[in-house]
Amino acid sequence: MTTETAMTITYEDVQNILKIIDSSALEEVHLELGDFKLVVRRHGVPGASPTIEPAATPARATTGTAGSSSAPSTRESARPVAPSASTPRAHGVEIKAPMVGTFYRAPAPGAPPFVEVGSIVDEDDTVCILEVMKLMNSIKAGCRGRVAEICVENATLVEFGSTLLVIEPAP
Amino acid sequence: MKRVLIANRGEIAVRVIRACRQLGLETVAVFSTADREAAHTRLADRAICIGPPPAAGSYLNIPALVTTALGSGCDAVHPGYGFLAENAGFAETCEEHGLCFVGPPPSAIQAMGDKVRARELAAKIGVSVVPGSDGPIATLAETASVGRRIGYPLLLKAAAGGGGRGMRVVRTESALADAFVGAQAEAGAAFGDPTLYAERFLERVRHVEIQVVADAEGAAVHLGERDCSLQRRHQKLLEEAPSPAVTPALRASMGDAALALVRQIGYRNAGTVEFVLEPASGRFYFIEMNTRIQVEHPVTEMLTGVDLVTTQLRIAAGEPLGFGQADVVMRGHAIECRINAEDPALDFRPGPGLVTRWQPPLGEGIRIDTHVAAGTTVTPFYDSLLAKVVVADGDRPAAIARMRRALADFDVQGVPTTIAFHRRVLEHPDFVAGRVHTRWVEEDRQASRGPRE
């Protein structure tokens, strides 16, 4: 998809327009509103890189303080990692936490991490560890591809079902 | 103690969060994916998803709970009631990881958890238990001699059992043989263990329990009784205090018995010692001890002005109780009705669904403990308790009148409720006269089903 936008409309507006068009069967759309001109082609121009990420459904942030009089201190250990709704997520297969636990990127302190962004992984490769009461649970890539994003900071608590990494599957 | 993980859901999680906030403690709630929008999830300072809807993967998942408590910087865990509240292993695991368990020591949970051992312990310190066989009975001849010793009617019970299976009431010795063989066969089929034991069958008894609190220094007081005779298949429906069947002298001797047990097992924190009471004779017998906060605790709070949940937290933090037996004053009368998402006309069948209208009663002397609001979805995964309506007034007739008014004002739509059932009970001459017993609901079909509406 290719877009040409004037500065008179927001990024969010464009994203909404694209969502509407994307859910239709149209191959190509030209939209002109005064100074603003938008051209969308479903299969794009060769070599052009997409500027809009498809809207991943981010898990709801549940660290709200609704009605609370005293928000907890911001001690590092107290911050469960809830994916923020505003964080754009890379396109690909999301690896979700199958349990609540502490997220580790490396097999031991000081050891090199299992993967970095850009690493090529096989289905059975371990990409991280979730520790639950001293029990180390290896989390596998689950598919062949390239690590597109690591969504959690090392040594933090992750919720059940939250996204740990995103793998861009090999074609 | 600074930050408390609440290892529960529903109205009790909300209750504990409020108590924590009252004391300036931070709260971390846990939730299953079915409770993402639940009240406790929204109310806590922080909420963490710990697993899927079935409780075994979430609210009963000890490693997930302990990991979450540690990872979110908690230093204490409140278990609420149900789920892991009376699991000695959970209390122990918390302590091993440096988390303060808001409840009794694991040893006290264990001592009271085995019902046969608890009964023996009570008997040993002179608290009367329902007369029965000392341990299991192997033969018909042995059972007959137990019957001659303690008298009829006799209740045969499966040692491994519960839920009424392998259970027989025997009224005369001539009927014993049939009942013994039948109960044995039923127990074997239901539990894979035909072992029986026998107890004197007590008819027309009331369920009366004593609330106790004890601190780490060994100071222990009781906060009087709650009468929970109105129950159905051992599920309490309505509780009140004081009991219409308990005199001040009887209250004192039940309180003494409860505190003797508390001291014997080195109990700490809040707990409840349950008895059956024969109203005519004033004789009472120990049944069991619940080593946790109970559903019906607000009845005692309304009557005595003691906040039991903040007291639990203070005791767990090492503070002294701060009051003695002489300071405990009971004023007036309090009643609690449990409003469940159940249909009394359909044998109290649970009815999950979307609550489309929720208008609880308001006003003087009324307290509502709930996690429900309009738009709440009642899921089929957990218990059906929607709310507890608690009222207090100067005396029993006034409290009954206040509860009638409160329930008349309670408008719930979208799910079935037990509101209409309670309204019938509150009008029933037996209840008004204080004459109900633990089998009254089952025996009085009019009360439980009522006319078709």
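Analyst: The answers below take up each term in turn, bearing in mind that this is a predicted model.

User: What makes the size of chain B agree with that of a compact globule?

Analyst: For 453 residues, a compact globule would have a radius of gyration near 22 Å, and chain B has 22 Å; the value therefore agrees with the rule. The C-alpha atoms of chain B fill a box of roughly 65 × 55 × 50 Å along the principal axes. Buried residues account for 51% of the chain. Of the contacts in chain B with a separation of 6 or more, 65% join residues 24 or more positions apart. Chain B contains 16 helices and 22 strands.

User: How many helices and strands has chain A, and what share of its residues is buried?

Analyst: Chain A has 1 helix and 10 strands. Of its 171 residues, 25% count as buried. Residues 24 or more positions apart make up 65% of the chain A contacts with a separation of 6 or more.

User: Why are α4(B) and α5(B) called roughly antiparallel?

Analyst: Helix α4 (residues 88-96) and helix α5 (residues 106-113) of chain B pack at an angle of about 175°, with their axes 8 Å apart. Angles over 145 degrees count as roughly antiparallel. The two helices are therefore roughly antiparallel to each other. The residues that meet are B:Ala88, B:Ala91 and B:Glu92 from α4(B), and B:Pro106, B:Ile109, B:Gln110 and B:Gly113 from α5(B). By class, this contact comprises 4 nonpolar, 2 polar and 1 charged residues.

User: How do you know that the buried residues of α6(B) are on the same side of the helix?

Analyst: In helix α6 (residues 115-124) of chain B, the residues B:Ala118, B:Arg119 and B:Ala122 are buried. They cover an arc of only 100° around the axis, and therefore lie on the same side of α6(B). On the other side of α6(B), B:Val116, B:Arg117 and B:Lys124 are exposed. The cover over the buried residues includes α5, α9 (248-264) and β13 (283-290) of chain B. Just after α6(B), B:Gly126 takes a positive phi of about 90°.

User: What makes the phi values of B:His234 and B:Phe348 worth noting?

Analyst: Most residues other than glycine have a negative phi. B:His234, which is not glycine, has a positive phi near 65°, and B:Phe348, likewise not a glycine, has a positive phi of about 60°. B:His234 lies in the loop between β10 (220-232) and β11 of chain B, whereas B:Phe348 lies in the loop between β15 (342-343) and β16 (349-350) of chain B.

User: Where are the cis peptide bonds that join B:Tyr152 to B:Pro153 and B:Ala241 to B:Pro242, and what is omega in each?

Analyst: Most peptide bonds are trans. The bond joining B:Tyr152 and B:Pro153 is cis, with omega about -5°, and B:Pro153 is found in the loop between α7 (140-150) and β6 (154-158) of chain B. The bond from B:Ala241 to B:Pro242 is cis, with omega near -5°. B:Pro242 is found in the loop between β11 (235-241) and α9 of chain B.

Methods
Residues numbered from 1 in each chain as written. Chains lettered and ligands numbered in written order. Predicted model: local features only at pLDDT ≥ 70, side-chain atom pairs only at ≥ 80, totals over all residues. Axes fitted to C-alpha atoms, helices over the stretch in contact; angles between N-to-C directions. Helix = DSSP H or I, 4+ residues; strand = E, 2+ residues; numbered from the N terminus. Parallel < 35°, antiparallel > 145°, perpendicular 65-115°, else oblique. Contact = placed C-beta atoms within 7 Å. Nonpolar A, V, L, I, M, F, W, Y, C, P; charged D, E, K, R; others polar. Rg over C-alpha atoms; globule rule 2.2 N^0.38 Å. Buried ≥ 20, exposed ≤ 12 C-beta atoms within 10 Å, placed from the backbone. Arc of directions from axis to C-beta.
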